[in-house]
Amino acid sequence: HSTAWGTIADKKITWEGDARWGGTDYKTKTTEEWISPKELKVSSEASKDGGKTWAKELDTVCKK
């Protein structure tokens with residue numbers, strides 16, 4: 001279960017939210033950035049301590 005809210009600036013969307021996985025509460029941050037019409041970069045981080053420290057969860061580029 002999770003909820004997130006986002007902001008858009010130029011070709012980038014940044015999501016911040018709260019999630020609960022396996023009985024643990026997390027803070028989440030995800031960024032989606034359009035590199036070109038056929039390329040999207042997605043990265044995300046999660047925090048188990050309310051946002052004090054962050055761990056990389058995903059860092060990928062999608063190409064068509």
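Analyst: A strand, as the word is used here, is a DSSP run of E of at least two residues, and strands are numbered from the N terminus. In this predicted model, threonine 30 lies in such a run, namely strand β3, which covers residues 24–36.

An open sheet is formed by 5 strands in the order β1-β2-β3-β4-β5, and their pairing is antiparallel. At the edges of this sheet stand β1 (2–9) and β5 (55–63), each of which pairs on one side only. On average, and with direction ignored, neighbouring strands of the sheet are turned by 15° against each other.

Is threonine 30 buried, exposed or partly exposed? Its relative accessibility is 22%. Because a residue counts as buried under 20% and as exposed over 50%, threonine 30 is classed as partly exposed. For the chain as a whole, buried residues account for 16% of the 64 residues.

Which residues does threonine 30 touch, once its neighbours within four places in sequence are left aside? The contacts are Ile13, Thr14 and Trp15, together with Val42, Ser43 and Ser44. Strand β4 (residues 39–47) and β5 run antiparallel and are joined by 8 bridges.

A further position gives a sense of distance. Serine 2 and threonine 30 are separated by 28 residues in sequence, and their C-alpha atoms lie 13 Å apart in space. As for contacts across the chain, among those between residues at least 6 apart in sequence, 8% join residues at least 24 apart.

The overall dimensions and surface complete the account. The C-alpha trace spans about 40 × 20 × 20 Å along its principal axes. The chain exposes about 4900 Å², of which carbon and sulfur atoms supply 51%. Its charged side chains number 12 positive and 11 negative, and the centres of these two sets are 3 Å apart.

In short, threonine 30 is a partly exposed residue of strand β3, in contact with residues including Trp15 and Ser43.

Conventions: Residues are numbered from 1 along each chain as its sequence is written. This is a predicted model: local features need pLDDT of at least 70, side-chain atom pairs count only at pLDDT 80 or more; totals for chains, interfaces and linings use all residues. Side-chain values use heavy atoms; hydrogens and water are left out. Helices (H or I, at least four residues) and strands (E, at least two) are DSSP runs, numbered from the N terminus. Buried means under 20% relative accessible area, exposed over 50%, partly exposed in between (1.4 Å probe, protein chains only). Contact means heavy atoms within 4.5 Å. Accessible areas come from the Shrake-Rupley method with a 1.4 Å probe; for residues, only the protein chains shown count as cover. Lys and Arg count as positive and Asp and Glu as negative; His and the chain ends are not counted. The place of a charge is taken as NZ of Lys, CZ of Arg, CG of Asp or CD of Glu. Two strands pair if DSSP finds at least two bridges between them. Axes are lines fitted to C-alpha atoms, for helices over the stretch in contact, and angles run from 0 to 180 degrees between N-to-C directions.
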